[in-house]
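Please keep the sequence and the model in view while reading.

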Amino acid sequence: MDQRPPTTPNAPEAEPGTRPVLLGVVFVGLLCGFIGVFVGLTIGGLRELRNTAELRADPLGTAVLAPALEASDSPVLLLGDSRVADWSPRPTIGGIEADAIGLPGLTAAQLAAAVSARPPGLTGRTVLVQVGVNDLKALGYTDRSPDEVLGALRANLRTIHEALAAQGARPLVLTIVPPGPVPFSRRFIWTELIDRSVAGINRELAEGSIVPASAVIDLRDLVGAEDGLLPEFAAGALELTPEGYQLISDRLAERLATPPASGE
């Protein structure tokens with residue numbers, strides 16, 4: 001009787017043509033990935049070109065800022081970049097909703113020039129400033145050194161604070177809301193240096209080394225940390241969810257409910 005163990009059948013060979021199909025799938029996947037990155041960079045590039053064109057046409061952003069400031073009669077103003085333009089819900093102080101005057105892409109350099117050129121007319125009004133992230137995101141593609149970019153931002157934040165105070169306003173500078181998750185297509189120009197610089201400027205603001213600490217509202221413990229905006233409050237790289245805005249609005253209302261500190 002044959003006692004040999006049964007033989008295990010050989011594994012089925014790959015059907016002819018399977019390997020070319022797999023290679024084709026991989027190739028198509030890589031091609032789609034490259035197309036996605038290209039499209040993302042193109043859209044981002046067009047947005048930057050549009051912002052650059054607007055800056056050249058109106059270096060101070062006065063076409064938007066000046067009429068909005070003239071039309072506003074709220075005792076509390078939110079002034080700044082796209083975070084302000086998209087702000088909703090706005091803080092309510094003493095039953096009055098704050099006005100939000102924001103210009104997407106606005107830099108601290110533009111805002112400093114705009115408020116310095118504006119004639120007096122803000123006496124007795126509180127102006128909350130949220131600006132700076134657009135200055136720092138340029139670190140990913142500018143020829144200027146990081147020290148130059150950071151130094152200019154510090155100087156412009158001081159100018160904004162001093163110019164608003166000279167016009168009779170109560171200026172309060174908010175720490176920069178950190179960026180949220182950055183799409184893969186923008187990771188080529190959005191470096192860790194940008195995130196570190198946001199965190200560094202925020203520390204300096206909170207410590208009072210840029211403007212008086214009494215004139216700063218620290219948001220660092222609210223919607224983000226040093227490594228960026230918390231995911232639950234991020235609607236994009238620079239956009240917040242309504243829940244994030246609500247938290248900040250509540251913090252501002254709480255701060256403004258207290259009498260001004262010395263130096264504000």
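## A histidine in a helix

In which helix does His 161 lie? His 161 belongs to helix H6, in what is a predicted model.

Is His 161 buried or exposed? It is counted as buried because its relative accessibility is 9%, and the cut-off for burial is under 20%. Apart from neighbours within four places in sequence, His 161 contacts Pro 171, Val 211, Pro 212 and Ala 215.

## Helices H6 and H7

Helix H6 spans residues 146-166 and helix H7 spans residues 192-207. Their axes come within 12 Å and cross at roughly 35 degrees, and the crossing is right-handed. On the H6 side, the contact is made by Pro 146, Leu 150, Leu 153, Arg 154 and Leu 157; on the H7 side, by Leu 193, Ser 197, Ile 201, Glu 204 and Leu 205. Seven of these residues are nonpolar, one is polar and two are charged.

## The nonpolar cores

The largest nonpolar core has 40 residues, of which Leu 111, Leu 136, Ile 160 and Ile 201 touch the most other members. Among the elements that give two or more residues to this core are helix H2 (62-71), strand S1 (76-80) and helix H4 (108-117). H6 gives the most, with seven residues.

Ile 201 also takes part in the contact between H6 and H7. Leaving aside neighbours within four places in sequence, its contacts include Leu 136, Leu 150, Ile 176 and Ile 210. A second, separate core has 22 residues, including Ala 98, Phe 233, Tyr 245 and Ile 248.

Definitions and conventions
Residues numbered from 1 in each chain as written. Predicted model: local features only at pLDDT ≥ 70, side-chain atom pairs only at ≥ 80, totals over all residues. Heavy atoms only, no water. Axes fitted to C-alpha atoms, helices over the stretch in contact; angles between N-to-C directions. Helix = DSSP H or I, 4+ residues; strand = E, 2+ residues; numbered from the N terminus. Left-handed = near helix turned anticlockwise from the far one by under 90°. Contact = heavy atoms within 4.5 Å. Nonpolar A, V, L, I, M, F, W, Y, C, P; charged D, E, K, R; others polar. Core = buried A, V, L, I, M, F, W, Y, C linked by side-chain atoms within 4.5 Å. Buried < 20%, exposed > 50% of the residue type's maximum accessible area, 1.4 Å probe, protein only.
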